[in-house]
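Here is a quick briefing to read with the model open on your screen.

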Amino acid sequence: MRKYNGRSQVLVTGGAGFLGSHLCDRLIGLGHEVICVDNFFTGSRRNIEHLLDHPRFELLRHDVTMPLYVEVDEIYNLACPASPVHYQHDPVQTIKTSVHGAINMLGLAKRTKARIFQASTSEVYGDPDQHPQPESYWGRVNPIGLRSCYDEGKRCAETLFFDYHRQYGVDIRVGRIFNTYGPRMHPNDGRVVSNFIVQALRGESITIYGSGRQTRSFCYVDDLVEGFIRFMQLEPAFPGPINLGNPGEFTIAQLAEQVINLTNSSSKIVFKPLPSDDPQQRRPDISVAQEQLAWQPTVQLREGLVRTIAYFEQLLKEGH
């Protein structure tokens with residue numbers, strides 16, 4: 001791969017978001033030049049404020065549904081709202097971000113001969129009837145439901161990535177991300193970890209949708225970013241897809257109880273109806289990641305929650 005001054009020029013789309021900002025931190029720490037692109041729909045300037053004066057960091061306000069002309073060696077395509085509250089706010093824009101964004105970033109990779117990572121999602125598996133989910137599983141997705149703008153947008157993006165790889169020889173890496181949490185999550189994104197923590201810290205009732213017996217696997221953000229980096233550095237080239245997530249499985253009720261204990265909250269749990277197409281079980285089979293990347297998560301849920309709670313406590317103190 002081409003390098004300038006011994007460093008890679010790395011583009012991170014969605015770089016001011018939760019995952020993107022942690023990735024930018026890590027790439028700067030590794031000595032790379034980073035171009036962070038974000039339209040600030042769900043990203044926040046606060047997440048990358050500490051990097052703005054760094055000589056190897058550049059911020060561009062840009063929407064990936066429009067072409068971008070820069071010279072880069074590597075692209076991490078993370079741009080897309082990833083929580084139901086945000087991606088259902090403007091479903092047409094969500095699917096455009098996934099599909100047009102993929103086309104534009106793949107076009108850039110093709111032109112510059114850059115290696116490109118696609119932040120795909122466990123949502124490509126839909127509400128699975130195979131458990132845990134291996135990469136070979138094709139999924140069970142409703143193509144016309146409320147979540148389809150995200151699920152099918154990401155599935156289409158994977159198709160585009162593999163077709164650019166087969167047709168044009170673009171060096172792709174497709175990672176399927178399972179539930180991830182940590183500092184810099186959006187406090188109002190409707191995701192279960194941030195929801196429970198904010199409700200507990202405010203002393204509000206903790207809302208569980210459905211019975212609470214549905215399961216999720218929670219990966220701490222530092223572990224996930226380590227998986228991204230290892231995947232991009234992997235030689236010889238391997239396009240994936242690779243599941244990236246924590247195989248530890250917890251019920252939603254167990255998560256709520258742990259958050260209440262760690263925050264010393266007086267919050268009570270209330271139950272509401274389950275939204276349509278919400279998966280009952282979600283747990284990655286990470287044997288491909290273990291074999292190809294020598295990767296597996298190391299941060300236990302309790303430890304990760306303690307760090308995340310500390311972040312939200314500070315955020316609420318500042319009046320966010």
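Predicted model: local features only at pLDDT ≥ 70, side-chain atom pairs only at ≥ 80, totals over all residues.

The chain holds 10 helices and 13 strands. Its radius of gyration is 19 Å, close to the 20 Å that the globule rule gives for 320 residues, so the chain is as compact as a globular protein of that length.

**The chain as a whole**

- Of the 320 residues, 56% are buried.
- Take the contacts with a separation of 6 or more: 81% of them come from residues 24 or more positions apart.

**Helix α10**

- Helix α10 runs over residues 301-317, and its 17 residues should span 24 Å at 1.5 Å a residue; the end C-alpha atoms are 24 Å apart, which agrees.
- The buried residues here are Leu301, Gly304, Leu305, Thr308, Ile309, Tyr311, Phe312 and Leu315.
- Looking down the axis of α10, you find these buried residues within an arc of 165°, so they line one face of the helix.
- That pattern has a simple background: an α-helix has 3.6 residues a turn, so residues three or four places apart point the same way.
- Arg302 and Lys317 are on the other side of α10, and they are exposed.
- What does the buried side of α10 pack against? Its buried residues pack against α2 (45-48), β7 (180-181), α6 (192-201), β10 (219-220), β12 (249-251) and α8 (252-263).
- After α10 comes Gly319, with a positive phi near 85°.

**Helix α6**

- Helix α6 is one of the packing partners of α10, and 9 of its 10 residues are buried, so α6 is largely enclosed by the rest of the structure.
- The buried set in α6 is Val192, Val193, Ser194, Asn195, Phe196, Ile197, Val198, Gln199 and Ala200.
- These buried residues pack against β7, β8 (206-209), α8 and α10.
- Just after α6 sits Gly203, where phi is positive at about 75°.

**Aromatic rings**

- Searching the whole structure turns up 8 aromatic pairs.
- One of them is Tyr76 with Phe117, a tilted pair at 5.7 Å centre to centre with 50° between the planes.
- Tyr76 belongs to strand β4 (residues 74-77) and Phe117 to strand β5 (residues 115-121), so this pair ties together parts that are 41 residues apart in sequence.
- Both partners are out of the solvent's reach by the numbers used here: Tyr76 counts as buried at 1% relative accessibility, and Phe117 counts as buried at 0%.
- Tyr125 and Tyr137 make a stacked pair, because their ring centres are 5.9 Å apart and their planes are at 20°.
- Tyr125 and Tyr137 both lie in the loop between β5 and α5 (148-168), so the pair ties together parts that are 12 residues apart in sequence.
- Tyr125 is buried at a relative accessible area of 0%, and Tyr137 counts as buried at 9% relative accessibility.
- Ring pairs also link Tyr76 and Phe117 with Phe228 and Phe231 in a cluster.
- For a charge over a ring, go to Lys110: its charged end sits over the ring of Tyr168, 4.1 Å from the ring centre.

**Backbone details**

- Where are the cis peptide bonds to look at? One joins His131 and Pro132, with omega about -10°, and another runs from Glu235 to Pro236, with omega near -5°.
- Pro132 is in the loop between β5 and α5, while Pro236 is in the loop between α7 (221-233) and β11 (242-244).
- Asn264 has a positive phi of about 50° although it is not a glycine. You will find Asn264 in the loop between α8 and β13 (269-272), and at 71% relative accessibility it counts as exposed.
- Ala294 is not a glycine either, yet its phi is positive at about 50°. Ala294 sits in the loop between α9 (287-293) and α10, and it is exposed, with a relative accessible area of 58%.

Conventions
Residues numbered from 1 in each chain as written. Heavy atoms only, no water. Phe/Tyr/Trp six-rings, centres within 6.5 Å; stacked < 30°, edge-to-face > 60°. Helix = DSSP H or I, 4+ residues; strand = E, 2+ residues; numbered from the N terminus. Buried < 20%, exposed > 50% of the residue type's maximum accessible area, 1.4 Å probe, protein only. Lys NZ or Arg CZ within 6 Å of the ring centre and 35° of its normal. Expected span 1.5 Å × (residues − 1). Arc of directions from axis to C-beta. Contact = heavy atoms within 4.5 Å. Rg over C-alpha atoms; globule rule 2.2 N^0.38 Å.
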